[in-house]
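Reader: Please take a close look at a single part of this model. I would like the strand, its partners and the sheet around it.

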Amino acid sequence: MFRFIHAADVHLDSPLRGLERYEGAPVEEIRGATRRAFANLVSLAIEEEVAFVLLAGDLYDGDWRDYNTGLFFVDQMSRLANEGIGAYLIAGNHDAASQITKVLRPPANVHVFSTRQAETVLDEKNGVAIHGRGFATRAVTEDLAAGYPDAITGLFDIGLLHTNLDGRPGHDDYAPTSLDVLRSKGYAYWALGHVHQREVVTEDPWIVYPGNLQGRHIKETGAKGASLVTIDGGDVTSVEHRDCDVFRWARCAVDVADAESAEEALDRVEPELGHVIAAAEGRPLGVRVTLTGAGLAHAELHARSEHWKQGIRQIATGLGGDGVWIERVELATRRAASLSDLLSEHEALGGLVRSIQRLREHSDELASLVPELADLRKKLPSDVLAGEDFLDPTASESLASVLEDVQELLLHRLATEEPEG
């Protein structure tokens, strides 16, 4: 019986550009998370006394020239070497663009697979054959798996591959392949990388995406880590996800459809946000809160949107202190009353709303306002020009967003005032 760890998409020292524009973002903590998660991976390998570690591509993050990143990797591999643990890795699309990958000599306990053709490495002690091939260039469009050798009789065969299997959505179609191709090789386990969401594709044979090691932004939510694989008698007996992440991302959707006021809507946020914080198990957390549903609170929320957004941030601070950062608050609610009914009952404000609707529907008219607002932008103080909620009045997409809030402010007035006459 032996164990190994399968990890992928580490993206060491991913620069994560643009974090500074987010209000209150723990920038350094987020940027340092990939290193700390990788150190956790190595600690897990040592604690579980694994035979080896598989890294299925994208160890680095593109053309990142800070060689301290490579030195950190060497240091972590030395920890494995001291315990007699080897590591096998392939280059992914991001590694292929990395200067570090091209010049850094790997430690003696690390085998980097060829990028020219598939090769096989034997672990005779455990009766394992590991087959792999890395990316020579960033955009590999050929089916690399098709060139892998067939399984070796009497050994436990593993395929190490960075691929978009069967065109999984949301990922570049690099080294595309299919289940039929993978199954045809006769391997017992395919250790895949490239897709950042954990997925056990099949168990016969085992084809696994472990997901990335550490979430880097709001599109990479939930627990992140690696797969701990146990082999007994030549068969896979378990494939367990183990968390390695040190900073977690989450989305918190709150249905406020039947809330009668904005205050009541915020009351709904606290318990939902509490559940999300508890699920992070003490890790620092970045959360996007989205309010949904059609109801009476809609107009009031949009009429004073910044006020209620700050209220949600205060709730988060009360629940989790400095360990919880609200990445963004989205107001995705809808009005309960019929817009046509409101407009027919209120002529004056209704006319303004119709003008706003016309601007939203005709982008050329909206664009004509940009020159008039350019002088306004020059007069805005620097602190107003920063932060996640800053809306540039010279950008058409920002104007469209402002129009939405202005319309909701007017509709709030329409909904709360008596009809004329």
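**Strand 8 and its sheet**

Author: Strand 8 (residues 189-193) is mostly covered, with five of its five residues buried. Buried means under 20% relative accessible area, exposed over 50%, and partly exposed in between (1.4 Å probe, protein chains only). Strands (E, at least two residues) are DSSP runs, numbered from the N terminus.

The model is predicted: local features need pLDDT of at least 70, side-chain atom pairs count only at pLDDT 80 or more, and totals for chains, interfaces and linings use all residues. Residues are numbered from 1 along each chain as its sequence is written, and side-chain values use heavy atoms, with hydrogens and water left out.

In a regular strand the side chains alternate between the two faces of the sheet. Both faces of strand 8 are covered. Tyr189, Ala191 and Gly193 are buried on one side. Trp190 and Leu192 are buried on the other.

Now the pairing. Two strands pair if DSSP finds at least two bridges between them. Strand 7 (residues 156-162) runs parallel to strand 8, and five bridges join them. Leucine 160 has alanine 191 of strand 8 as its bridge partner.

Six strands form an open sheet with mixed pairing, in the order 5-6-7-8-10-9. Strand 5 (119-123) and strand 9 (199-203) are the edges, each pairing on one side only. From one strand to the next, the twist averages 15°. Angles run from 0 to 180 degrees between N-to-C directions, and axes are lines fitted to C-alpha atoms.

Strand 9 pairs with strand 10 (residues 206-209) in the antiparallel sense, over four bridges. There, threonine 202 stands opposite isoleucine 207 of strand 10.
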